[in-house]
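Welcome, and thanks for taking a look at this one with us. Please have the sequence and the 3D view open side by side as you read.

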Amino acid sequence: MPDDLTKKHPQDANKINLSQQYEIDYWTEALHTTESKLRAAVSKVGSSVSAVKEYLRKH
């Protein structure tokens, strides 16, 4: 079954899914960051929201 693209919130609030644009949009706004910084953070520390928040806070 395809994803419901009308969704505005992540399916898993503890993980960042960079393969869905609506999730990227949600997380960039929620974390007050850019898409490139979000992608860099996920690349460094994984998709855990808490790990990404900590990484962005330090960098």
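Here is a short briefing on the fold, the helix packing and a few individual residues.

Please keep in mind that this is a predicted model. The protein chain has three helices and zero strands, and its elements run α-α-α from the N terminus on.

**The chain as a whole**

- The protein chain has 59 residues, and 27% of them are buried.
- If you take the contacts between residues at least 6 apart in sequence, 19% of them join residues at least 24 apart.

**How α1 meets α2**

- Helix α1 covers residues 21–30 and helix α2 covers residues 35–45.
- How do these two helices sit relative to each other? Their axes are 10 Å apart and the packing angle is about 100°; angles from 65 to 115 degrees count as roughly perpendicular, and α1 and α2 are therefore roughly perpendicular to each other.
- On the α1 side the contact involves Q21, I24, W27 and T28, which meet E35, L38 and R39 in α2.
- Sorted by class, this contact of α1 with α2 has three nonpolar, two polar and two charged residues.
- After α1 comes H32, which has a positive phi, near 55°.

**The buried face of α1**

- Which residues of α1 are buried? They are Y22, E23, I24, W27 and T28.
- These buried residues of α1 pack against α2 and α3.

**An aromatic pair**

- The structure holds one aromatic pair.
- Y26 and W27 form this pair in an edge-to-face arrangement, with 4.9 Å from centre to centre and 85° between the planes.

**Residues to click on**

- E23 is in helix α1, and a relative accessible area of 3% makes this residue buried.
- What does E23 touch, leaving aside residues up to four places away in sequence? E23 is in contact with P10, Q11, K15, I16 and N17.
- D25 is also part of helix α1, but with a relative accessibility of 41% D25 counts as partly exposed.
- From D25 to E35 the C-alpha distance is 7.9 Å, and the two are ten residues apart in sequence.
- S50 belongs to helix α3, which spans residues 49–58. Is S50 buried or exposed? S50 is exposed, with a relative accessible area of 54%.
- S50 and I16 are 34 residues apart along the chain, and their C-alpha atoms are separated by 10.0 Å. I16 is also one of the residues that E23 touches.

Note on methods: Residues numbered from 1 in each chain as written. Predicted model: local features only at pLDDT ≥ 70, side-chain atom pairs only at ≥ 80, totals over all residues. Heavy atoms only, no water. Axes fitted to C-alpha atoms, helices over the stretch in contact; angles between N-to-C directions. Helix = DSSP H or I, 4+ residues; strand = E, 2+ residues; numbered from the N terminus. Parallel < 35°, antiparallel > 145°, perpendicular 65-115°, else oblique. Contact = heavy atoms within 4.5 Å. Nonpolar A, V, L, I, M, F, W, Y, C, P; charged D, E, K, R; others polar. Phe/Tyr/Trp six-rings, centres within 6.5 Å; stacked < 30°, edge-to-face > 60°. Buried < 20%, exposed > 50% of the residue type's maximum accessible area, 1.4 Å probe, protein only.
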